[in-house]
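These are my notebook entries on one structure. I begin with the terms and then take the elements in turn.

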Amino acid sequence: MPTQARKAAQDRTLQAVSQHMARIEVNGLPRNYELFYEAHCGTDVGLSREVMALPVSPNQTALDEIGIRYQLPGFVATGLPKSRNPDILLIASLREKMASGAEQKRGFSRALEAVAKSLREDNGAGPGDILAEIEYLSVSLSDAVVAETELEAALRSGANLLTVAEQDASSARAVMLRDRMTGLPNHAAFTEKLEALYADDNESRDTALFLVAVSDISDIADTYGEAAATRIVKKTAAIFRKTIKKDDFLARIGKAEFAFLFRHVGRDAIKPIANRLTASINDNLVFATSEGTPAIRLSMGASMATEAFSPQQLRQQAVLAAEASRAYPRTNVIIHGDTGRSGV
């Protein structure tokens, strides 16, 4: 489809999205536009069906549940459950302290009981009022021990409940950080990974960020259908997964867009890595059609974490490089910061 025709089609889709949202009175939040846009594009039949069935003035919670269920990036990032580990550690610490205090009081109570028993058996020892006081203290401490023992049990039960909640939250996070189509980490997981890279000033940042896209995926979808485009995305993800090492990171962040973080590499390693990625697709991805086997072309933009002050700047640098790569189809990779058009 020519560029102008594709732009006109996108404009019509955006207009339809805006009209649909206005008609059923949906708040104009960015993530809501994302939800309705994906529904109107029709890439996921289930998502389209649910959105088209929404009533007038749908609750935002209902919209968020749909977005999270279909793992749209704008919804996943806002819906990630927070870790309960700090709460668990706090309650566990309190429980240990209470257990220690209760044990000390139990020891004191036993000592007082022993003293009281000795005084009872020795009729000539001490006035009766001293014995009564000791017995009173013993009873009081026994009551305190009972109360603290009950509190300890309650804290133990609470800690167990929080542990279960943490396990459930961890399972939910694992699902929400995973791309449903490919099984790779998703856009939200990629964002967290970038943030973690800059979270510790002592963290080694000899890391290269690659933004890689299947350049002709829109034309493939227009010509051969969304099912064919989906098969290519899945196959590309499977191939890319085999190209990374243990310390590297790979995520699917768009329809046919992937993000790589290659650890412990310098600028001089970027072009060899790009060659390896391109070769892996050329050697393993065959897209056969009645007209032949069209080539699958990748566009790549790369940036170095050592040359950026924040995750946002690092990503923006890679985005600019990726845009330059799409403008030069014969270039394998554009590296941000290189003079002129740098690639292989």
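I count two residues as in contact when they have heavy atoms within 4.5 Å. The model is predicted, so I kept to local features with pLDDT of at least 70 and to side-chain atom pairs at pLDDT 80 or more, while totals for chains, interfaces and linings use all residues. Side-chain values use heavy atoms, with hydrogens and water left out, and residues are numbered from 1 along each chain as its sequence is written.

**Entry 1. Overview**

I took helices (H or I, at least four residues) and strands (E, at least two) as DSSP runs, numbered from the N terminus. The protein chain holds twelve helices and five strands. I called a residue buried under 20% relative accessible area, exposed over 50% and partly exposed in between, with a 1.4 Å probe and protein chains only. Of the 344 residues of the protein chain, 37% count as buried. Taking contacts between residues at least 6 apart in sequence, I noted that 65% join residues at least 24 apart.

Where does Thr-182 lie? I found Thr-182 in the loop between helix H7 (128-176) and helix H8 (187-199). Thr-182 is buried because its relative accessible area is 13%. For polar contacts I required a pair of N or O atoms within 3.5 Å; within protein, one must be able to donate a hydrogen and the other to accept it, and residues adjacent in sequence count only if both atoms are side-chain atoms. The side chain of Thr-182 makes such a contact with the side chain of Asp-179 at 2.6 Å. The Thr-182 side chain also reaches the backbone nitrogen of Leu-184, at 3.2 Å. Beyond its neighbours within four places in sequence, Thr-182 is in contact with Val-233, Lys-234, Ala-237, Arg-241 and Arg-252.

I then followed Arg-252, which is placed in strand E2 (residues 249-252). Arg-252 counts as buried, since its relative accessibility is 12%. Its side chain reaches the backbone oxygen of Lys-255 at 3.0 Å. Not counting residues up to four places away in sequence, Arg-252 touches several residues, among them Asp-179, Thr-182, Leu-184, Val-233 and Phe-258.

I took the expected span of a helix as 1.5 Å times one less than its number of residues. H2 has twelve residues and reaches 17 Å from its first C-alpha to its last, close to the expected 16 Å. Which residues of H2 are buried? They are Asn-32, Leu-35, Phe-36 and Ala-39. These residues lie on the same side of H2, because they cover an arc of only 85° around the axis; the arc is that of the directions from the helix axis to the C-beta atoms. An α-helix has 3.6 residues a turn, so residues three or four places apart point the same way. After H2 comes Gly-42, with a positive phi near 75°.

Helix H2 (residues 30-41) packs against helix H3 (residues 45-52) at an angle of about 120°, with the axes 8 Å apart. I used axes that are lines fitted to C-alpha atoms, for helices over the stretch in contact, and angles that run from 0 to 180 degrees between N-to-C directions. The contact involves Leu-35, Phe-36, Glu-38, Ala-39 and His-40 of H2, and Leu-47, Ser-48, Val-51 and Met-52 of H3.

Within H3 I looked up Ser-48. Ser-48 is buried because its relative accessibility is 12%. Not counting residues up to four places away in sequence, Ser-48 touches Glu-38, Ala-39 and Gly-42. Ser-48 and Leu-35 are 13 residues apart in sequence and 9.2 Å apart, C-alpha to C-alpha.

Ser-57 lies in the loop between H3 and H4. Ser-57 has a positive phi of about 55° although it is not a glycine. Ser-57 is partly exposed, because its relative accessible area is 43%. Asn-59 is also found in the loop between H3 and helix H4 (60-69), and counts as partly exposed at 48% relative accessibility.

**Entry 2. Helix H11**

The 15 residues of helix H11 (residues 270-284) should span 21 Å, and its end C-alpha atoms are 21 Å apart, which agrees. In H11, I listed Ile-270, Ile-273, Ala-274, Leu-277, Thr-278, Ser-280 and Ile-281 as buried. They lie on the same side of H11, because they cover an arc of only 155° around the axis. What covers them includes strand E1 (207-214), helix H10 (226-241) and strand E3 (257-263).
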